[in-house]
Amino acid sequence: MKNGFRYLGFMTLVLGMTTLVEAAKIGFVVSTQDNPFFVTLKEGAVSAAKEMGHEIVVLDSQNDPSKELGNVEDLLINKIDVLLINPTDSDAVISSVKAANRRKVPVITLDRASNGGKVVAHIASDNVAGGELAGNFIIEKLEGKSVKVVELEGIPGTTAARDRGNGFNKAAAEKLDIVAKQAADFDRTKGLNVMENILQGQSEINAVFAHNDEMALGALRAIEAAGNKDILIVGFDATEDAVKAVKDGKLAATVAQKPAEIGAEGVYAADKIIKKESIPEFIPVDLELVTQ
């Protein structure tokens with residue numbers, strides 16, 4: 001019996017060592033934690049890492065590309081196995097991706113892509129399809145009218161802003177009259193300020209498409225302050241505040257991404273890389289339209 005207990009003890013030790021070997025250190029650099037969408041994205045990644053027994057270190061870039069690079073360099077010094085990055089900007093992030101490439105650390109981008117460097121996989125919603133979904137919804141809701149639309153754009157240079165805009169404009173072609181188009185950087189306060197300025201210069205507006213919910217909610221405040229209740233507003237992301245605004249009849253719709261799923265898929269992809277398994281270059285996450 002003593003030998004049996006020794007054997008069991010030895011096997012427990014071996015299994016414990018195996019678990020330690022398989023557990024990995026994942027670095028995750030997120031663009032900002034001031035936006036609820038990216039908070040949920042982070043929570044999805046953290047939950048999946050805990051579920052799979054991997055360590056995950058999350059750093060916030062605060063929408064600052066220089067801080068983003070500093071975060072990546074800090075993680076690389078601490079010898080991470082895989083880098084997950086949600087870029088502040090698709091061009092600015094190239095330096096961070098190349099820094100990881102030099103250290104031979106695999107890179108996975110989440111939500112926003114990188115325009116350079118070697119990325120193993122990109123995980124995101126189909127933002128072009130989402131933009132089309134928003135445009136077609138506006139066309140359907142205001143069918144038969146000469147529709148004048150404002151487009152509030154996200155941060156210039158990000159793939160999310162570019163793709164959502166491309167999809168929306170594809171749907172809008174010859175059917176919607178885009179009377180104003182201006183960047184508000186995915187920010188609620190900027191969305192408010194930009195919309196206030198547009199309202200002063202445009203006497204007739206039927207609808208607003210904002211590249212994210214934060215800007216849509218900012219636009220809503222400006223429109224309410226101006227006393228105009230007839231403007232259709234469509235956002236993108238389906239954040240908690242936006243979904244509530246849809247249910248309350250204040251926003252017409254929001255295109256629902258699944259940020260928690262994007263974050264989790266990032267960790268699942270990292271796990272496969274660690275296990276030397278192949279993964280596709282693009283891993284899409286489904287979209288849906290949330291309406292009242």
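The lining of the second largest pocket comprises 3 nonpolar, 3 polar and 7 charged residues, where Ala, Val, Leu, Ile, Met, Phe, Trp, Tyr, Cys and Pro count as nonpolar, Asp, Glu, Lys and Arg as charged, and the others, Gly among them, as polar. The structure is a predicted model, in which local features need pLDDT of at least 70 and side-chain atom pairs count only at pLDDT 80 or more, while totals for chains, interfaces and linings use all residues. Residues are numbered from 1 along each chain as its sequence is written, and side-chain values use heavy atoms, with hydrogens and water left out.

The second largest pocket has a volume of about 210 Å³. Thr32, Asn63, Asp185, Phe186 and Asp187 lie nearest its centre, among 13 lining residues. A pocket is here an open set of points on a 1 Å grid over the protein atoms alone, where a 1.4 Å probe fits, with protein on both sides within 12 Å along at least five of seven lines; lining residues have an atom within 4 Å of a point.

The largest pocket holds about 310 Å³ of space. Of its 17 lining residues, Ile231, Gly249, Lys250, Leu251 and Ala252 lie nearest the centre. Two or more lining residues come from each of helix H5 (127-141), helix H8 (213-225) and strand S9 (232-236), and H8 gives the largest share, 3 residues. By class, this lining has 9 nonpolar, 4 polar and 4 charged residues. Helices (H or I, at least four residues) and strands (E, at least two) are DSSP runs, numbered from the N terminus.

Pairing requires at least two DSSP bridges between two strands. Strand S3 (residues 82-85) pairs with strand S4 (residues 107-110) in the parallel sense over 3 bridges, and Leu84 stands opposite Ile108 in S4.

Val179 belongs to strand S7 (residues 177-183). With a relative accessible area of 22%, Val179 is partly exposed, a class between buried (under 20%) and exposed (over 50%), for a 1.4 Å probe and protein chains only. Beyond neighbours within four places in sequence, Val179 is in contact with Lys148, Val149, Val150, Gln202 and Glu204, contact meaning heavy atoms within 4.5 Å.

Notes:
Grid points are joined across faces, edges and corners, and a volume is the space filled by probe spheres set on the points.
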